[in-house]
Amino acid sequence: MDLLPVAPTPWNLAVTHHPAGTVVATSAAHVQEAVRHAAAHGLRVRVHNTGHGALRPATGDDLLVVTSELTGVEIDPVAGLATVGAGVRWRDVIAAADPHGLTPLTGSSTGVGAVGNSLGGGLGFLSRQYGLACDAITAAQIVTADGTLRRVDDASEPDLLWALRGGGPNLGVVVELRIKLVREPRVYGGALLWPVELARQVLTAYRDWTADLPVSVTSAAGVLHCPDAPFVPEPMRGRSFARVCLCATGSDAEALVAPMRAVPGLVGDTAGPIPFTAIDVVTQDPVEPLPITIRGEMVAELSDSVIDYLVEVAPRGAEPYVFTLARHVAGMPHADDAGLGYWQGGFAVGAVCLVPDETAMEAVTGFGRRFSAGLAGSATGFVPLNFMGDPEQAARAFTPEHLRRLTEVKRRYDPDGMFGGDRSIPAKR
């Protein structure tokens, strides 16, 4: 097999890969060949599409399989299904589904890979109504550690499909997913902004607002420190805000948003009717690659202590983060076993930091520890798999019973621990 000596650069520029070799896969058969090569040479397999979720570098013990060339999207408008290749981004699925009045359950940014995001859970702005992206998976094609291409669904190898729904990259190289779509071509979405000095008032009002909010509204609240950088819109550049991001479905969306819009001091308001093709306006996540790290915790509620901590670190420069967001997940539908970390609390609270150099990495690592400690009074002990910054936290993304069953499935399909990358769980416990 021909191996490339140069690895691609992840979207997350804080990670630089130095694998034993790189394979740019152009077909499922090519992936099979790569996995068999890795097995023959005692290498682990790391998978790369966009690299948004990269947490640590691939090393000389890893073969990096690049799936970005596997870009097919097929829509079955009658069944409401999409068949999605491993190299597809969410924006590609949205574009293919939209002419049929259909919508995928995307993550919060449409530039991320649809398959990788789905395997790790996939929390988005339709999640309280329709669930996580992983819940929408109905079938998969996956190359497992023995080099076999398996076509799995609920009738064929259902345990493997169950494990793929939120188990991350631990079972093999997924080359294709089939996912359910929903009929929400237009939504009510955007963001509300206040001066950062009003963070306490905004977060307290947000807690009250979400207490009995219907599941047709998915939202998040926190603090945003806009960098003084060209990719930031001029009116926001270098400024700090308290922020509420939201997406709502149904004819009563504007009335439901009114209580938050009435919080005094509002200085920015982009919320309104939009096509789902414009869903990126909700969070306005950066498009260009950046060096970042993430810290996330599930909390039972936005308690006084959680709000006190978020307000304490709200001023620019108090801690080295770009934004914090408490994502409202209470009421979100879930699988029967409810074993993913996403379901172990009412809010997923996260912080994103820029990491331009090693000195900054030391600072943000310390902040990550302080961030978790600051939320400890309401933290449930679980993390969302796609919103963690420390690979050692992967086991905390599942309840003990879910993790036990997941490791049993992994032991059958990946007994030597070839897969898992930076979200690895052991094949044996």
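## A threonine and its contacts

Setting aside neighbours within four places in sequence, Thr110 is in contact with Arg89, Trp90, Arg91, Ile94, Ile279 and Asp280. Contact means heavy atoms within 4.5 Å. Thr110 sits in the loop between H2 and helix H3 (114-119). Helices (H or I, at least four residues) and strands (E, at least two) are DSSP runs, numbered from the N terminus. Thr110 counts as buried, because its relative accessibility is 6%. Buried means under 20% relative accessible area, exposed over 50%, and partly exposed in between (1.4 Å probe, protein chains only).

This is a predicted model: local features need pLDDT of at least 70, side-chain atom pairs count only at pLDDT 80 or more, and totals for chains, interfaces and linings use all residues. Residues are numbered from 1 along each chain as its sequence is written, and side-chain values use heavy atoms, with hydrogens and water left out.

## The parallel sheet

Axes are lines fitted to C-alpha atoms, for helices over the stretch in contact, and angles run from 0 to 180 degrees between N-to-C directions.

E2 and strand E3 (residues 62-66) pair in the parallel sense over five bridges. Two strands pair if DSSP finds at least two bridges between them. Val47 stands opposite Val65 in E3.

## The antiparallel sheet

Another open sheet has five strands, in the order E4-E5-E8-E6-E7, and its pairing is antiparallel. Which strands stand at its edges? They are strand E4 (73-76) and strand E7 (149-153). Each has a single partner strand, so one side of each is left without a neighbour in the sheet. Neighbouring strands here are turned by 15° against each other on average, direction ignored.

Four bridges join E4 to strand E5 (residues 81-85). Within that pair, Val73 stands opposite Val84. Helix H2 (residues 90-97) lies across E4, E5 and strand E8 (173-180). H2 runs at about 40° to E4.

## Strand E9 and its partners

Strand E9 (residues 186-195) is mostly covered, with eight of its ten residues buried. Eight antiparallel bridges join E9 to strand E11 (residues 240-248). Four antiparallel bridges join E9 to strand E13 (residues 272-275). Two antiparallel bridges join E9 to strand E12 (residues 268-269).

Single residues show these links. Val187 has Ile274 as its bridge partner in E13. Leu192 stands opposite Val244 in E11. In E12, the bridge partner of Leu192 is Asp269.

## Aromatic pairs

The structure holds five aromatic pairs. Rings of Phe, Tyr and Trp (its six-membered ring) pair if their centres lie within 6.5 Å; planes under 30 degrees apart count as stacked, over 60 as edge-to-face and the rest as tilted. Tyr206 and Trp209 form a tilted pair, because their ring centres are 5.9 Å apart and their planes stand at 50°. Tyr206 and Trp209 are three residues apart in helix H6 (residues 199-210), so about one helical turn separates them. Both Tyr206 and Trp209 are buried.

Tyr309 and Phe371 form an edge-to-face pair, because their planes stand at 65°, with the centres 6.1 Å apart. Tyr309 lies in helix H8 (residues 304-312) and Phe371 in helix H9 (residues 358-375), so the pair ties together parts 62 residues apart in sequence. Tyr309 is buried at 8% relative accessibility, and Phe371 is buried at 0% relative accessible area. Ring pairs link Tyr309, Tyr321, Phe367 and Phe371 into a cluster.

## How H8 meets H9

H8 and H9 pack at an angle of about 150°, with their axes 8 Å apart. That makes H8 roughly antiparallel to H9. Angles under 35 degrees count as roughly parallel, over 145 as roughly antiparallel, 65 to 115 as roughly perpendicular and the rest as oblique. H8 makes the contact through Ser305, Val306, Tyr309 and Leu310. H9 contributes Phe367, Arg370, Phe371, Gly374 and Leu375.
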